[in-house]
Every structure is written in C-alpha cells, then in structure tokens.
Amino acid sequence: MKRIAILFCFINAIVYSQQVTISPAIFNVTDQITITVSFASATCNTMGTNPAKVYIHSGIGTTANPWSSVVGNWGADDGVGLMTNNGNGTWSITMTPSTYYNLNTTQQSSAARMGMVFRNANGLQTLKLAAAFGTPSCGDFFFNVGYFQTTLLVPNENSTTIIASGGSRTISASNTNGNANYSLKANGVVIDAVSNQSSYSFNHTNITTNQNYDLVISQGTSIQTKKFSVIVTPPVISQAIPAGKLDGINYDPSDPTKAILVLDAPGKDFVYVAGSFNNWQPDNSYAMKKDNASTKFWIELTGLNPGIDYTYQYWIVDQTPAANSPVLVKTADPYSTLVLSSYDDPNIPSSKYPNLPPFPSNTGQDREVTVLKTGQTPYAWSNATLNFVKPEKEKLVVYELLVRDFDANRSYQNLIDRIDYFKNLKINAIQLMPIMEYEGNESWGYNTAFHLANDKFYGPANKLREFIDVCHQNGIAVILDIALNHAYGRNPLVRMWMSDSDGDGWGSPSSDSPYFNTAAMHSYNVGSDFNHQQARTKTYVKRVVKHWIEEYKIDGFRWDLTKGFTQACPSNVAGGQDACTNGYQQDRVDVLKEYADYSWALDPTHYVIFEHLGTDSEEQQWANYKINEIPSKGVMLWGKMTDQYNQLSMGFNSNNNISRMGHFDHGFAAKRVIGYPESHDEERLMYKNVTFGNNTNTSHNVRTLNVALSRMSAIAAVSILIPGPKMIWHFAELGYNDSIFTCNNGTVNTTSDAIAGDCKLDTKPQLQWTNNWLGDTNRSAIYNNYAKIIDLKKNNPVFSKDYSINSGTTLQPKIYIYDNAASLTTLKNVVVLSNFNVTTINVTPNFPFTGTWYNLMDNTPITVNNTTDTISIEAGGFRVYGNQPANLSTENINSLSSITLSPNPSTDFFSINYDLAKVNIYSITGQLMKSFQNKSKTDLYEISDLNNGLYLVKVFDINNNEKTFKLIKQ
C-alpha cells in the first residue's frame, strides 16, 4: 500500500506540473510568487486551449482547510483574480500571499496550504485538477505553503474529542526541514513547550473543563498553528422547563438581566452554550439542563447587561450518532431573529446596516452565531399599521419585487424613498421576495437558512418595520414570500442531524432527522426537504408564521413551492415522481389547510397565497376553503399566464387564450386566482417582444423598442381588469426589457445554453433609474396607463363582479365585465377591447346595449347606435368602455412634503435631502440661471458663480412632482 501511495503522489505531482506551477516552488506566505497555468490538456478543462480570459479563484489556510481566506467573486468579470496572458497557451499571476489574501498575523502563522481553481469570466467554464488513480472527479489544486511542513499526528487537526471529566488527551506532531520549537496552549495558556525537536509528544491529564488547544510550531520566522479541542462530558441536571417558555430566546420583560434559552434536541446527550458572556469557553455552569418530560434542553442566563449585543452558539453532542454524522455540532439557535456570519457580514456596507455587531472571529468561531439582546425597545408602530384594514382580496393589485434589484443601494431604505412611486402607480399590495436570512448576500432569497431572522444585507429589522409602516400609511399591504418547503445547509435544524461523510462541517439530513427527509419526496426540490408530516416541522412552521405576523405586522404570505408539502411522492413511486407531485395529494391538502387555519387564527383577514400551479381539483380545495365564513377566507392561488400574454404582446395568433386569467376556468367558487403575465420566474415579455416579436410589418415591427413598448399598456388592460386579484412583476409598468437571464457582465445566458438559466439569479441592471425611464415618453405612458387601469379596478365595484372572456385564436381578445344586479345609473357594464395585431383593425365591440358609453381611461363619451358598429383600434392598442363614467381616486400626493434645502442662506454650495430628476435655479425675475439633472440626495449643488441675492429653486422628482424654495445667496 505504501508503494501505491507514493506512486499516487508522484502521478499527481506530474499532473500538477503539467497544469499549474508556482515559482519559486517552495515559498513562505510573505514571499512573492508567480502562479502559471497551462491549458494544453483537455482533461478537466472546459475552457479550451485558448481562453479569452482566465480568473484564479483561490484561498489559503490550514492543511485541514486551505480555503479559510478566499479571493475571487465567482461569475463576476470584475478583475479580482484576473490573470495575464503569456501568449504561449499559459496564463500567470504574481502575488504575495500574505498581502493578496489580506492575512493578519494569526492567519499568516497558520497558513500552510493554498487551494485554487481557474475559470472563465462568467464562471461557466473551469480548469480543475485532473483526476488520477480512479479518483471520482476533477478537483481543486492544492499547494503547500512554507519552507517547512508540520503534521498533527494525534488528534486530527480541527477535531473535537469528547472525554469524561478527569480524562486525558495525548498530543503528538512532527515536522520536516529540520528541528522546530513546539508550544502547546490550552484555553490561551501555555501548558507545555519544547525546543529544537523534530517531533512532539505530550499527554494532558486530569482534564475537568473544556479545552481549546493551539499547538504552535515554529522554525525561524516560519510559524504554523494546529488547532483541536476537548469537550468534557458534563453532569446533566434534570429539571423541568419553566412554564410558558418557547424554543429559542425567552426574554424576561420584568428583568432585563436574564434570558432563558430552550433547545429541542431529541437524541442528543448534552448541550453547552458558548458565547461572548463566557468568553466562548463554557464550563459546567453553561451545560444546559434536561427537561425529562420532553426532548428539550434549557438554561437561564443571568448577569446580562441590557442593550448589549451578546452572541452565542450551541455545542451539541451525540456520542453515538447516526452513520457519517458528527459527534459534535456547533450551531446558532434555530429560532434566531438576528444571526452573524463570517461569510456574509464583511460584505454588508455600514451605510446599509449601521452598527452591525461584529462577528466573533477572534474567538475561533467559524459558523453563524445568534445575537441576544435584553432590554430592547419595541418598535413604535403608527396608528395606520395598528388599525390597518387590508384591501379586499378581489381588488388586490400585488406588486412583486426583489429588494436587491429594485434600486441601486438594494435596501429597505430604497423602498421607503420610492414610496411615492408605488402610491402613484395605485397598487395596493407589495410582495417582497424572500427576505429571511439566506446564504450569501446576492440572492433571490429562496436559499433560506434562518426563517425567523431578517436578512441583514437589506438593512436592520427596524428598517424593514419602517418600510411596512410607511406602506400601511399609504394604504398598501405588505406580503412576504416564504420558502418553507426546504432549508439550506446553514440552517441549524439541518446541521443538528446531518450526514457529513467528508467531515467538512456541512452536510445533508441524516436518517435520524426529526425535521427533514433524507431524499426529497417530490420532484421540484431544492435544499433539504422538510417533512411536513413531522410534528416538529409543523411547530417550526407555525412559529415562523406567528413571528412575522406579530413582530412585523405582515399582511399575508405567498407560500413558495407548495407542491413540495407532501410525503407521498418518493423517487421510486409508481407512475413516476413528477406525475405524482403534480397529481392530487391528500396529505398536502390537509397540512396546507392546517397552516392556513393557523394563520387565520392569528389574523382573520390574513392573505394566504399558494404558488402551487397544480391541478384544478387540488387548488379548488384551497380556493373554496372557508370562503363563506365572516370574514371570508379562501386561499389565493398563483395563476401563471406568461406564455399566453407573451404571444399577444409579440403579435402571434397561437397559444394566446387568456381565459384562465380569471377564476371561472379553474372552477373556483371565489375570485381567488392571482393571475399574472410576468413574475420573477418567467422571461420578460418585453425582452421576447424585441427579440422574437412579429416583424412582418415594417411600420409596426414589434422587435423595435418603441413599438414593443407601445403594446404593453394593452397587456395591462386585458389582465388587471379581469375580476380577482392580479400581480405585476417589478418594472413591467415601465416596459423593462432586459432578459431575466441577463448576467452580471451584461451578456444573456438563456435556457438554450449548455447550463440552463445560469444567470437567472444574477443581479440585474438599474436602468429604470439611471436612465430616468419615467422621463421617457414611451415608458411613462405605460406607467400612467397602469396607474389608471389599477385605479379603475380598485375604485369601481363592477370590477369585482362577473365577467366573460372572448379569447383564444384571435389577436383581438375582448373582456366583458358586468354586474346584472346594479342600476343603469351606475357603472354596471365594462367592455375591454384590444388589438394585438401589427396593423390597425376594425374591432366589433358587441356592446350589451346602445346609448352613451364612456372611454374610462379619460371618461370621454361616445354614442353607440348599433352594438356591432366597429371601432378602429391601432396596432397594439386597447379601449376600455363603460356605461357610466368611472370613479377615480382623487388623493393629492405631495411627495415632496418632507424635502429640505440647506444651508439657507448659502455661500458656495447647498444640498437637498432627496433624489431628484431636475433642479432649476431662477433669478427673482424668472431667468433660468442654472440647471442640474438626476441628482442624488448626497450630491452638492454649486452656486459659487452666482451673484449674491435672492433666487428661486424649483425641484422635480422622478414623478414630475415639483416644489419651489426661496434661496438666499450670500
């Protein structure tokens, strides 16, 4: 076996030398090195022999974890790690590791190995280490760092050993390149040291407290540190949990110096709480007590200082774990409402999250930690929130948005600053894509790890509350998209019972998990699949629901991927997993009704929305559920109609039947279909218009941008006005025309590419603001028409009544909306006509009766003498007629009421606390003196060139609202 091992190393060395070389081959962390990579071999190389760009994605760290400090932004063409083309098929980069990876003294001393892979600009192509001797796949390149190397023989590096109190721990190590000095620290105190030795051995005896060891090995100026630990089995105290305490943090409202932590940990032997309050070195007094009447552990923390950010983890031990599961897991609290991450937090700007507590990296923690703070002041909700009356379900117009892609700073503050944009659009609900703590920062949020915590990348929790409060003050409900089909690997409920066969501290659910399936029980899964028949899963889900309704005053949830809430469709199910998943499943119906009932028990008017997109027979169970109660319940269902509306917008007379935009074609008793032409999951209509639209008419070529834009108002008319709730995906109202598959570098990677949809989740451009689309006549026309159409729907009862849709094999769909019980003196009949052809068409309206009708977009009258007299409608146009003028909202929106100009008087500069489209400065006689365009609230306005005197400053926001100030220049 030894000869085979030597031969294996030799072959790997040959492979390394063929692909990657480092000069000098032996180097210290502070030495300058040059890394050169060759693309001559096709093995494990998808970049070809002559790539256009090469990025090195690399890290440095210990032998056990060479990726401790990483440099590179995978998929970003941002110059970080960009290599130089040598012109001979090789690429190089020169660096000094200590500087390149920004290593502190401690990190330099422990740096023993580098890891690296190579990629193209968008990360879709890579060069990796060629597999050798039957190893299963291509892997990372690894190189030793330092003139001498050390090996921790016993125990394993970064390991944790569980021992009985009074037990011992043997430590042995060796080094190469001559003798070295060895110093062993336990909990920061040197307990043994030897000099000028080629190996080391020590037996630490009579260990009664938990120990964190550092074996520091030095040879001249080269230092390496090996870490490991010992946990002592504590005496477990059996004591009942105080009454009324829930899993997670329980604050004592009468005593802010105390908090009780509760952890449900079936199958675990004991749990320590390690945190900033015990210097991350817990003794027996921080071993959690065991409640024998349950599977829960608990502890009361005392001596806490109110208003201080404490951090902690659970150290959870199972001395006889399931196969491939670790004995010890260190994890944050599953019920955390604020977690800190060493992976994500360094990239959160302080401008977004001021005073974010620091991650305790100097204490050796490398996983998420929970923040605990007593004595917090509850958020002061306005009366608008405390007394908020939700819009009727039938009149909802939901605006779906991703905070990350809505505005440049990608924050809740951006949303607050744009409240007038929403209000002027007349929408009455905003649906946020998932904002619970997810893995990474640049995400759609469906990779949720902590369902009760607000993700910090968008701002503090109270800033989210402020946004919700501001929405309520403006009559807008707030709906959260929640992903409770699954959780991702950082989730403590995954980590506590995980299979970790490679020992890297991450894993998938193990066979003894009380929350998750080891294999998904449906065909659409991502992450780890929750088992919603487990009582603990149901408890967890209900806690999530309760938290967001009570702590954030959320008006409703859109439940992501509800098809996954079944246990009936394993991969080997008869008939196939996909057919089973899409079929009727009673267990799924029952558990989702249970969750809906719980939501309504907390808030009888709570919106329950399912993204099911399944069979009508199953969706009817929810849509018609408790609709006759007072207040009426019933689940709202997403109704995807993207393909049909896109065929209309592109001008093609096929697959364009929009009849399922309403509830009748689904067989729902109530108007519960949230129909939509666009959502976050579907391609942009405008992108397909300009890419694939009907181009047979040169004077109305849909592939021409402005022609394509001119057709989008008609899409709003024949979708939003259909009775029942409807949804808009952000910036449809401005004709957003970048593909959903737009990559970070501006290219488009569509589903026809080799890696389907690889750029779908990438951050999207902010052209709607940077190019001032509201100032573009063609785009603002769509926005204004959307606002009028939404206003019609909200303020006229007929749009909540009956309807019929004349659609299918026609490019002139017609919608008839009516209330037969209403009087002719009211708006009881509406006729919506459209023309999605590429030529002007004379459309037969088939009015219900003759007489005076009104164009409801401006309430101008027309006389109808014959119900079949045709009406000429331009290509891409529409008409909305009613038997009476429409009621429209009359609210006076003063978006600039809080704007200020300072200082005033001014000498050289002044500032304005608002983002503005235009600022004009006039003399007192009306002469325009200076003009500024697209200015941020952080910008300064220079006036040093103006004469002293009195001026008028007129400001305009993005909605063309204006305000005038008097300014004294001195």
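A cavity is a set of points, on a 1 Å grid over the protein atoms alone, where a 1.4 Å probe fits but cannot get out, and its lining residues have an atom within 4 Å of a point. I take a volume as the space filled by probe spheres set on the points, with grid points joined across faces, edges and corners.

**Ground rules.** My model is predicted, so I note that local features need pLDDT of at least 70 and side-chain atom pairs count only at pLDDT 80 or more, while totals for chains, interfaces and linings use all residues. Residues are numbered from 1 along each chain as its sequence is written, and side-chain values use heavy atoms, with hydrogens and water left out.

**Entry 1, cavities.** I searched the whole structure and found 7 cavities of 30 Å³ or more.

Of its 13 lining residues, Pro-677, Glu-678, Ile-715, Ala-732 and Tyr-786 are the closest to its centre. Here I counted 11 nonpolar, 1 polar and 1 charged residues in the lining. Which element gives the largest share of this lining? Helix α17 does, with 5 residues; α17 (712-720) and β40 (726-729) each supply at least two. Helices (H or I, at least four residues) and strands (E, at least two) are DSSP runs, numbered from the N terminus.

I then turned to the second largest pocket, with a volume of about 1500 Å³ (a pocket is an open set with protein on both sides within 12 Å along at least five of seven lines). Among its 44 lining residues, Tyr-251, Thr-337, Gln-376, Arg-465 and Glu-551 lie nearest the centre. Helix α10 contributes the largest share of this lining, 6 residues. By class I have 19 nonpolar, 13 polar and 12 charged residues.

Helices α14 (residues 642-650) and α15 (residues 685-692) pack at about 45°, with axes 9 Å apart. Axes are lines fitted to C-alpha atoms, for helices over the stretch in contact, and angles run from 0 to 180 degrees between N-to-C directions. The contact (heavy atoms within 4.5 Å) includes Tyr-645 and Met-650 of α14 and Leu-685 and Phe-692 of α15. I class its residues as 4 nonpolar, 4 polar and 1 charged.

Definitions and conventions. Ala, Val, Leu, Ile, Met, Phe, Trp, Tyr, Cys and Pro count as nonpolar, Asp, Glu, Lys and Arg as charged, and the others, Gly among them, as polar.
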